[in-house]
Amino acid sequence: MSVFEHINGDGYEQVVFCSDDQSGLRAIIAIHSTKLGPALGGTRFYDYGSEGEALIDVLRLAKSMTYKAAAAGLDLGGGKAVIIGDPTRIKSEELLRAYGRFIETLGGRYITAEDVGTALEDMDTVRRETRWVCGCSHTYGGSGDPSPVTAYGVLQGIKACLLEVFGSAELEGRTVALQGVGKVGFALCGYLVEQGAKVTVGDISVDNLARAVSSHGVETLPLDEIHKMEADIFAPCALGGMINDDTISEFRCKIIAGAANNQLARPEHGEKLRDLSILYAPDFVINAGGLMNVEDELRGYDRERAMQRVEGIYKQLQNIFALSRERSISTGGAAEEYAQDRIRKISRIRLLRTTEYGTAGHQ
Ligand code: NAD
C-alpha cells in the first residue's frame, strides 16, 4: 500500500518524514487534526520491523489522540511521532536534538511528549532545540512523570462506573482485578487499596508484582487468570487489545475500566460487552489524565489546576454513559460520537474566530 493510500480518506492533515544522516535519525511525525488546536501526542521510540509498520502505527496513534483530546474537552488536536530503531542502541543527544529541530520547523502545529521508549530526560534534551515539547522535568518548568496523574484519572473513571452500575461510587469492599502494575497500575493500586477496595493483581514482571505486594499488601493471580477473575471491576493497565475474540467470553466482572490504550481489539468487542451487560469505560476517555496534565504545561504548570481538570473525567464518563443509554449504542461508540460532535461544533467556532481575526488584520 502506498503512503497516500494509508492517509487518504481518514482526514490526516500532514505526515512528515524526518531523516538525519549524521545522527541516524529516522522519524515520522503524523498530524491527524489541528481543528481544535495544536496536535499534541508523544514520541514513541521503537524498533519497528519495517518502515511500513512504523507508518501504520504512527497514523493510528495520531488519530486516537484527536479523539482523546476532543473527548477530554481540551483545545488540542491529535498527532503522534515515531522514531524508528532500538532506543537502547541508537538513542543519543545528537539524535534527539536533530529530532527536536524537525519539530521546531513545524512552528507549533505539533507538540511532543514522552511515550513508549522515551522518558522525561529525553524531553529535556528535545527542549534544547524546540519549545514545542511538554512532559519535561520540574527543573524546566515541566510537570514530571504523567503516570500517577493518569492513575488518578482512572480512579475517577472507576467511581463513575460504580455509580452507573451499583448506584454508589464507594470503593469500600469492592473487588478489583488489576492487570499490569507498572507506572500507572501501581499508582492506581495504591489509590484503590487506600479507599478500601480488595485488589488482586497480575503482571508479567515478577519485580513489579513483588513491589505491589510489599507496598500495598495485595493478592496475586497468574497472568492468564487475572482477566477471568470474578470481580466487580477488571482494570486493564498493561497492553492494548486484551478485549478480543478469545477473552470476550471469559470476563466475570461487571465493569471494565483501566488505563491501557486501545483495549478493544475491534470496535465490535465494545458492542459485545454491552450485550454481556459489562460496563466498559472507553479507554481514551478514562486514561486522558496524563494528557490533561501535560497540556497544563503549555500555560505554565499548576498541579492543582491539572488535578481539578482530571477530576472532570468522572463527569465526562457520566455524559458518555447517558449518551450510550439514550442512543442504545455501546459506550465506545458513544465516546466517539461525543468527540466527533465536539470537533464539529468547536472547530466551526474557531474557524469563525480566525476569519474575524483575518478581517481585523486587514483594517
Ligand atoms: P508500564 O510499562 O510502566 O507498565 C505496564 C505493566 O504491564 C508492566 O508492569 C508490565 O510488566 C506489565 N505487562 C506487560 N505485558 C503484560 C501482560 N501480558 N500481562 C500482564 N502484565 C503485563 O506502562 P504504563 O505507563 O504504566 O502504561 C500502562 C498502559 O496505560 C499502557 O497501555 C499505556 O499506553 C497506557 N497509558 C499510560 C499513560 C501514562 O501516563 N503512563 C497514559 C495513558 C495511557
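Guide: Happy to! Let's start with Thr 150: an N or O atom in its side chain is 2.7 Å from an oxygen atom of the ligand. That pair counts as a polar contact, a pair of N or O atoms within 3.5 Å. Val 184 takes part through its backbone, where a polar atom is 2.8 Å from a ligand oxygen. For Asn 261, an N or O atom of the side chain is 2.9 Å from an oxygen atom of the ligand. The protein covers 76% of the 830 Å² of accessible area that the ligand has on its own (areas come from the Shrake-Rupley method with a 1.4 Å probe). Helix H6 (147–166) and helix H7 (183–194) are the elements that give two or more residues to the shell around the ligand; helices here are DSSP runs of H or I with at least four residues, numbered from the N terminus.

A word on the model: it is predicted, so local features need pLDDT of at least 70 and side-chain atom pairs count only at pLDDT 80 or more, while totals for chains, interfaces and linings use all residues. Residues are numbered from 1 along each chain as its sequence is written, and side-chain values use heavy atoms, with hydrogens and water left out.

Now the whole shell: 22 residues surround the ligand, and the closest are Thr 150, Val 184, Asp 203, Asn 208 and Ala 238. By class, the shell holds ten nonpolar, nine polar and three charged residues. Charged means Asp, Glu, Lys and Arg; nonpolar means Ala, Val, Leu, Ile, Met, Phe, Trp, Tyr, Cys and Pro; the others, Gly among them, count as polar.

Notes: A residue is near a molecule or strand if one of its heavy atoms lies within 4 Å of it. A polar contact is a pair of N or O atoms within 3.5 Å; within protein, one must be able to donate a hydrogen and the other to accept it, and residues adjacent in sequence count only if both atoms are side-chain atoms.
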